[in-house]
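This report describes a structure for a reader who has not seen it before. It covers the ligand surroundings, the nonpolar cores and a strand pair.

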Amino acid sequence: MSYSIKSRGKTGILFTNWSNTFFCRPELFFVPENVHHLKEIIRLAHLENKKIRVVGCGHSPSDIACSKDYLISLRQFDRILHVDPERHQVKVEGGVMVVDLISYLEKHGLALRIAGSVSSLTLAGAICTATHGSGVNFGNLSTLVVSMEILTSAGEIIEVSRDNDLELFQAACCSLGALGIIISITYQCEKAYSLELNQYPCPLHTVLENLEVHLKSSEHFRFLWFPHTPGTVVSHINRTTKKIVMPSRLSKWHSWFWEYLVGYYVLELSYYISTLIPSSVPFINRLFYNLLYSKPRKRVDQSQNIFNFECLFKQYVNEWSIPIDKTATVLIELENWFSQNTDVRAHFPIEVRFVKGDDLLISPSHGRDSCYINIIMYRPYGKLVDYIKYWNAYEDIMTQNGGRPHWAKAHKVGPMQLKEMYPMYAKFCQIRKKLDPTDTFVNSYMERIL
Ligand SMILES: Cc1cc2nc3c(=O)[nH]c(=O)nc-3n(C[C@H](O)[C@H](O)[C@H](O)COP(=O)(O)OP(=O)(O)OC[C@H]3O[C@@H](n4cnc5c(N)ncnc54)[C@H](O)[C@@H]3O)c2cc1C
């Protein structure tokens, strides 16, 4: 039986992540159509002593979704199985994309409670890495899981929920894809709502001095800092009953001109030129801050259109979480480090977001309200840029301030350090080993952290 499933596996596939920064050539690439196929793949893996990884949309900027043995895409598991309008819950298959879920929910008068910068992710992938948005009273996307069905390496389907087995649930909601294959998710949503964005420029030190006030004065506060400049752009976002005004043709054209022609194409060209003249980066950051963000802006739109924003072109990113009360310390340390290391030219933005603490075993917000600081270096037209010195300094600063790396992003943290960062790390490892004693779902990313 297993040998017929083998013939469904494609050879010679090159998998690259969204940023083209990591790739793998799995021995076999599967796009199964049903749970029976999945069970057969697991059986085949045991027979041939192979490892398995499931890939979502491959948006993780690391090798977390890579496999040299079997790689499985659940793109055929993309059905919405059930909507519960009373509880505002939805049950979906493990390969559903967030963007499709959002449009489905909209038709039923529902919406996600929170979203990250983009929605071209699978819900399972987003949950596995504890993808987050911003809002100190809102947890990451994993915290909204009601229950999940997971196919384990023993070929059994287990249902995990808070009521069934609390610790297993707390491990499964941020599992790095290491507990098994998530084949369905029941997810907590809420009634559809609009958001009002109030965005304005503000100096970094003013934001930091008034951080408490900012955090309390809107539901989804976030800000972007433009390194080598004192400038930030602050976004306060709140639920609103105000009407959505459809943009006129002229304002659509205006947005396209500034957000795409200038904010994307001219920026990419400018950063490309800066690879030849590195000292121009601070000038570029200042110029684009003044061009794009120096004027206040208000907008009412559907929730996902405000949560999501244009993440532009290919990039290296690094993101860690720190306890929320370390926000100002870390950003000031980073600012001082830039002024002492003038050979390092950082691209904008440095994105600062806030997430409510939770009880998931290895969520980066475990046990504490957190600030996430995301740094970026673009790769204009795919050109390699130097980021190592910047990354090392950032990671040192984050580590010294109680930082924990975002699981989706490339990091160098090993098991000893992880045990210090996460009080429940050993428990997570125990649960993983119990569920996957054959290490079937362990890839090279997992090998480095276990
Ligand atoms: C442009 C961009 C913007 C982003 N914005 C944000 C943001 O705002 N906030 C944030 O926190 N992160 C952000 N990220 C990171 C992103 O949310 C995570 O990388 C997320 O995990 C990607 O989802 P994916 O479907 O692409 O999963 P993949 O990257 O394909 O996989 C992620 C993990 O999930 C596992 N997995 C996927 N499906 C299953 C399944 N069915 N069963 C078991 N395991 C599974 C994989 O094995 C892997 O371990 C961003 C990334 C990009 C490229």
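## Ligand shell

In this predicted model, the residues of the shell around the ligand divide into 18 nonpolar, 14 polar and one charged. The shell holds 33 residues, and the closest to the ligand are G56, S60, G116, G125 and G177.

Three elements each supply at least two residues of this shell: β4 (52–55), α4 (123–128) and β11 (181–188). The largest share, four residues, comes from α4.

## Nonpolar cores

The largest nonpolar core has 81 residues, and the members that touch the most others in it are I41, L123, I127, A172 and I185. At least three residues of this core come from each of domain 1 (80–192) and domain 2 (194–405).

Leaving aside residues up to four places away in sequence, I41 is in contact with I5, F30, P32, I52, Y70 and I72. There is also a second, separate core, made of 43 residues, with V136, Y289, Y390 and Y394 among them.

Strands β6 (residues 80–84) and β7 (residues 89–93) pair in the antiparallel sense, over four bridges. Within this pair, I80 stands opposite V92 in β7.

How many residues lie between β6 and β7 in the hairpin? Four residues lie between the two strands, and in the turn H88 has a positive phi of about 60°.

Technical notes: Residues are numbered from 1 along each chain as its sequence is written. This is a predicted model: local features need pLDDT of at least 70, side-chain atom pairs count only at pLDDT 80 or more; totals for chains, interfaces and linings use all residues. Two strands pair if DSSP finds at least two bridges between them. A residue is near a molecule or strand if its C-beta atom, placed from the backbone, lies within 6 Å of it. Ala, Val, Leu, Ile, Met, Phe, Trp, Tyr, Cys and Pro count as nonpolar, Asp, Glu, Lys and Arg as charged, and the others, Gly among them, as polar. A nonpolar core is a set of buried Ala, Val, Leu, Ile, Met, Phe, Trp, Tyr and Cys residues joined through C-beta atoms within 7 Å. A residue is buried if 20 or more other C-beta atoms lie within 10 Å of its own, exposed if 12 or fewer, and partly exposed in between; C-beta atoms are placed from the backbone. Domain bounds come from an automatic or database domain assignment. Two residues are in contact if their C-beta atoms, placed from the backbone, lie within 7 Å.
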